[in-house]
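Here is a short report on selected parts of one model. Look over the structure first, then read on.

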Amino acid sequence: MKSDAIKKGLERAPHRSLLYALGCTREEIDKPFIGVVNSFTEVVPGHIHLRGIADAVKEGVRAGGGVPFEFNTVAVCDGIAMNHAGMKYSLPSRELIADSVEIMAEAHAFDALVFIPNCDKIVPGMLMAAVRLNLPAIFVSGGPMLAGYVDGQKVDVNNLFEGVGAVTAGKMSEKELEKLEQAACPGCGSCAGMFTANTMNCLTEVLGMGLPLNGTIPAVDARRKGLARKAGEQVMKLLAGDIRPRSIINSDAIFNAFTVDMALGGSSNSVLHLMAIASEAGVDFKLATINEISQRTPYLCKLRPSGPHHIEDLDRAGGIPAVMGELKGLLKLKSKTVTGKTVGENIAGVKTLNTEVIRSVKNAHSATGGLVLLFGNLAPEGAVVKKAAVAPEMLAHRGPARVFDSEEEATKAIMNKKIKSGDVLVIRYEGPKGGPGMREMLTPTSLITGIGLDKEVALITDGLFSGATRGASIGHVSPEAAAKGPIAAVREGDMVNIDIPNHKLNVELTDKEISDRLHKLADFEPRVKTGYLRRYIDNVTSASTGAIFHK
């Protein structure tokens, strides 16, 4: 066992003494040591209940013959961090999470790991750690939040961001907004729609690293703790069978994840995270392949923000196994999973219990997937759009650029009603280096929607858009402005062409005009001079590679 390094031999007497100080018994010294990686924090609604999940995991580990040791990672709530300087830390926390797990697992020589994530950057950060360490591992998330209710209608946190725009436009009173804010988030769990957190929890299941229904059982459902106990038991079987993450997460698993992602109309940020996970696993997965997958994958589930259904509805309809069952002709069915069975074996005999929440391939919302990569002279290395959340009239759009060098500038212009129908908002210097940290910009997109311009105005950025965003919101434009990508050359009034069906994103400038403008620009001067964010700026790569650190 790897843990023998801290407990076997004469020279390990001091180590054993310290383990006894933790309450270990002599018998436990001979058992496998299992790290339980918990992202519990009292400031994130998706994580406030994770102590209970960890307790259930540890029960399962002990029942399986192991000795659990719980430790924690950082966790950022993107909703609370949104639209202020705190959001600069969200994506960078992903790398910190992966690094901190590596430190704890290696320093204490754990034999296997159980990961307990729930929200946006924590899930991919832990997945990156799992494949980097390649110790037997399993994931069990904290589960999704239930939807709230206002006047008999389901609501979630996204309604609040859009409600701010509605109040600004005079379509909602502040009293109505207050009523909404007290009801939209009724308890613990990751926000109730197919936003980034739930997208990544569902895709963890597809990747083969979580047990069936890991992505959809609600946080408050008793089945969630049962799943956690089972995960604790199962990690002991993975250890006994020497089944490791890199034997599970390979090119076929990444292919499956993107396929299901397209059917779900998942968060555009899944592209950034899956590419980072692939890189960490040593999988060379090309961005262009994502469009090929999108072209052949039907869009089966209209979940918030793209449609009326929430994750609790997806769970009642059969969850991710049912979605994969509908897609079985498109999946790599021989891929391994933490169940000890293949994908094909896991989904054999599954049934869809609500054919409106999970449609069949023959009755799909559209023949192609919910995410698209765009390329062109504005995004030579690509950009991402959640096509499923774009109004039909905005799938192809030509309009004048309204250029802003920060989210704050764009938000101010929207609030002051300076944006007109047909405009294309270009929000730049918000990329990995420029932001720094690719802030999620749910505030400007939600304001546009709340005001009622989401079918008339497009937004383009080298930063991120939240998984809760809807409308013609195109993110991850690469190379970013801080790296003198073409987006830095755009000027007020330049005509921008968006052609989502044909995967194109262009500005009406010649290559020479773009080159000349970029040549005249001064070198980017980082906004942050000290601390972790400065180190992040120095090490982070392009969004097209997953915004990973230089290797």
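## A pair of helices

R94, E95, I97, A98, D99, V101, E102, A105 and E106 in helix 4 meet I122, P124, G125, M126, M128, A129, R132 and L133 in helix 5. Contact here means heavy atoms within 4.5 Å. The residues of this contact divide into ten nonpolar, one polar and six charged. Ala, Val, Leu, Ile, Met, Phe, Trp, Tyr, Cys and Pro count as nonpolar, Asp, Glu, Lys and Arg as charged, and the others, Gly among them, as polar.

## About the model

This is a predicted model: local features need pLDDT of at least 70, side-chain atom pairs count only at pLDDT 80 or more, and totals for chains, interfaces and linings use all residues. Residues are numbered from 1 along each chain as its sequence is written, and side-chain values use heavy atoms, with hydrogens and water left out.

Helices (H or I, at least four residues) and strands (E, at least two) are DSSP runs, numbered from the N terminus.

## A covered helix

Helix 18 covers residues 442-451, and ten of its ten residues are buried. Buried means under 20% relative accessible area, exposed over 50%, partly exposed in between (1.4 Å probe, protein chains only). Just after helix 18, G452 takes a positive phi of about 105°.

## E381

E381 sits in strand 8 (residues 379-385). At 32% relative accessibility, E381 is partly exposed.
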